[in-house]
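Have a look at the structure first, then read on.

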Amino acid sequence: MPYFLFDAESTVTAALEMWWLRGQEVTMDDLFTHLIAPIGPNGAPRLLTLEERKPILAAAPLAADAWIAFVNLNKGYGFGAVPIAASATTQVNPHLAIDDGAQNGKYWDRHLISRTNTPLKPGDKFTERTAFVLFRPQPGAPAAEFLAWRDRLLNPLQVEAVR
């Protein structure tokens with residue numbers, strides 16, 4: 001299969017104040033040129049260069065539970081994330097961010113608590129299950145293979161034995 005599953009769980013054991021809580025941080029070097037994400041009012045897949053994203057996502061950030069993929073169209077490879085399940089007892093300004101890293105690297109991460117002092121209590125819990133998908137963007141339909149896997153992962157085949 002061209003994907004692997006990732007599970008994470010964090011449970012607060014003592015009262016604390018959290019300023020920034022992020023999950024699913026995926027840091028890449030400069031091998032990717034574009035992103036594909038559900039952008040706009042209807043959430044349709046949209047291909048953008050990593051530079052084009054800045055004003056668009058500043059005006060309308062991606063939802064924290066959005067799927068996302070980075071691609072290199074010239075070299076024909078892509079890597080994306082399909083959120084399968086997540087829970088959070090507390091969220092403040094949740095969103096998916098795409099940022100610039102060192103040496104022209106790029107990364108995405110899910111902000112659950114974003115830059116706001118937020119009290120957390122024992123028992124607060126944050127979980128996620130994500131499928132990370134490797135795929136080949138095709139000319140004219142760069143997201144097609146990724147979206148097909150996204151649909152399969154979010155709607156798995158159900159089998160029932162009938163006697």
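## A starting question

In which element is arginine 115 found? Arginine 115 is found in strand 8. Keep in mind that this is a predicted model. Although arginine 115 is not a glycine, its phi is positive, at about 55°.

Asparagine 104 is another residue to check on the backbone: its phi is near 65°, again a positive value in a residue other than glycine. Asparagine 104 sits in the loop between strand 7 (95–100) and strand 8. With a relative accessible area of 49%, asparagine 104 is partly exposed.

## The overall layout

Let's zoom out. The protein chain has two helices and nine strands. Reading from the N terminus, the order is β-β-β-β-α-β-β-β-β-β-α. If you draw a box along the principal axes, the C-alpha atoms fill roughly 60 × 50 × 30 Å.

Of the chain's 163 residues, 40% count as buried.

## The largest pocket

The largest pocket has a volume of about 390 Å³. Its lining is made up of 23 residues, and the ones that lie nearest the centre are Ala86, Arg110, Leu112, Thr127 and Glu128.

Which strands supply at least two residues each to this lining? They are strand 1 (3–11), strand 2 (16–28), strand 6 (77–88), strand 8 (106–120) and strand 9 (125–135). Strand 6 gives the most, with six residues.

Valine 26 lies in strand 2. Is valine 26 buried or exposed? Valine 26 is buried, because its relative accessible area is 11% and the cut-off for buried is under 20%. Leaving out neighbours within four places in sequence, valine 26 is in contact with Phe79, Lys106, Tyr107, Trp108 and Phe132. Proline 94 is 68 residues from valine 26 along the chain, and their C-alpha atoms are separated by 17 Å.

Tyrosine 3 is found in strand 1 and is partly exposed, with a relative accessible area of 27%. Not counting residues up to four places away in sequence, tyrosine 3 touches Ala131, Phe132, Val133, Trp149 and Leu153. So Phe132 turns up on the contact lists of both tyrosine 3 and valine 26, with contact meaning heavy atoms within 4.5 Å. Tyrosine 3 and glycine 80 are 77 residues apart in sequence, with a C-alpha to C-alpha distance of 9.2 Å.

## Glycine 105 and aspartate 29

Back to the loop between strand 7 and strand 8, where glycine 105 has its place. Glycine 105 is buried, with a relative accessible area of 4%. Which residues does glycine 105 touch, not counting those up to four places away in sequence? The answer is Met28, Asp29, Asp30, Asp99 and Asp100. Glycine 105 and leucine 31 are 74 residues apart in sequence, while their C-alpha atoms are 7.9 Å apart in space.

Aspartate 29 lies in the loop between strand 2 and strand 3 (34–38). With a relative accessible area of 44%, aspartate 29 is partly exposed. Leaving aside neighbours within four places in sequence, aspartate 29 is in contact with Gly105 and Lys106. Glutamine 91 is 62 residues from aspartate 29 along the chain, and the C-alpha atoms of the pair are separated by 29 Å.

## A buried arginine

Why does arginine 150 count as buried? Its relative accessibility is 17%, and buried means under 20%. Leaving aside neighbours within four places in sequence, arginine 150 is in contact with Trp67 and Val82.

Notes
Residues numbered from 1 in each chain as written. Predicted model: local features only at pLDDT ≥ 70, side-chain atom pairs only at ≥ 80, totals over all residues. Heavy atoms only, no water. Helix = DSSP H or I, 4+ residues; strand = E, 2+ residues; numbered from the N terminus. Buried < 20%, exposed > 50% of the residue type's maximum accessible area, 1.4 Å probe, protein only. 1 Å grid on protein atoms, 1.4 Å probe; cavity = no way out; pocket = protein on both sides within 12 Å on 5 of 7 lines; lining within 4 Å. Points joined across faces, edges and corners; volume = space filled by probe spheres on them.
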